[in-house]
Amino acid sequence: MPRTLLIGHAGVSWREWLKANRKGRDLLLLDPADPNFGAPGRLTLWRGEKLLATRFFGSLDALRSPHIVAAVLAEFLSIAGEDVLIQLAPYRPTPLGHQLLLLLAAQAKADTILLANGTNAPCNAFPIGPEDVALEPAFPAMVQTAQRKAQWLKMLESCRPHEVDLRQVCIEGARLGSGQKLDPMSMMRGGIEEAHHAELIGSSLFVVSDDEPEDQEVARALDDLNASRAFFVTPSAYEGLLCSFARNNGEDFGYGMIQRIDFEAGIAHILNTAETPAPVRILRIGSLRINERGSELGETRPWQV
């Protein structure tokens, strides 16, 4: 059977179509908000009911990190069957959505493209002409939220408490850990000695503190530390963020959420599905927050944390 690319929009669902037409084919799911195949916030490859591969995404919005979507498509196609079904996230007619769709369609090299009725996509730019397909309407937003909550609760039931030494891991997906940590003397020189954490990322100053300093204090810090911009965030901004554990080769092996970060000790307290002790080499941090009751608390701004 042919490799098939599935393209729809937010008003429809592939759920019933897959039940009727999947027929044992592998499913490469590139929709991080889909609640029908385990906890959302991930990109996954399924063979029957078995999860073959997973990649942490940390958001419900596929346009949040389009480079990850493209990279995962290439990686997972190399281990999927020849007749894999590739389900994209619902198409949004934005410039970025347009460009990502064209990239994924070219990269997928599909034998068949199925386009859900009502999808306002650039049909004339696909590698092959898409076939129209009628799908069931998507559930109301409230129902989809409830479906995701059930999956979050199921994930959290499998989690164990972990303490991750931030000095021993590489952090992905966040501003935190992207630069050179400032020592106490440098923080004192910049007038930010009361901050929990500070680092220079190129010409930017990133500070974790309970309160944002006054403008004159920010100006002093920028001047004394030779920075041109400053970003401030509170420690509580990390509480509830989705995260994953990964090995040196980038393979995810645990999924969960950050409870809190003790910046003085350099320890992140995390609930994660990995066994303890976990050999964490990469800590991936997402933008979606949940609480321990499975409720979604919204997404952070890009690179806020």
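**Salt bridges in close-up**

**View 1. Arg247 and Glu251 pair up through their side chains.** Arginine 247 and glutamate 251 form a salt bridge at 3.6 Å, N to O (the term covers a side-chain nitrogen of Lys or Arg within 4 Å of a carboxyl oxygen of Asp or Glu). Arginine 247 is partly exposed at 32% relative accessible area, and glutamate 251 is partly exposed too, at 42% (buried is under 20%, exposed over 50%, partly exposed in between; 1.4 Å probe, protein chains only). This is a predicted model, where local features need pLDDT of at least 70, side-chain atom pairs count only at pLDDT 80 or more, and totals for chains, interfaces and linings use all residues. Residues are numbered from 1 along each chain as its sequence is written, and side-chain values use heavy atoms, leaving out hydrogens and water.

**View 2. Arg284 meets Asp252 in a salt bridge.** The N to O distance here is 2.9 Å. Arginine 284 sits in strand β19 (residues 282-290) and aspartate 252 in strand β17 (residues 252-262), so the bridge ties together parts 32 residues apart in sequence (strands are DSSP runs of E, at least two residues; helices are runs of H or I, at least four; both are numbered from the N terminus). Both partners are buried. Shared partners join Arg55, Glu172, Asp252 and Arg284 into one salt-bridge network.

**View 3. Arg148 reaches Glu296.** Their side chains form a salt bridge at 2.7 Å, N to O. The pair links distant parts of the chain, 148 residues apart: arginine 148 in helix α4 (residues 141-157) and glutamate 296 in strand β20 (residues 296-299). Arginine 148 counts as buried at 10% relative accessibility, whereas glutamate 296 is partly exposed at 23%.
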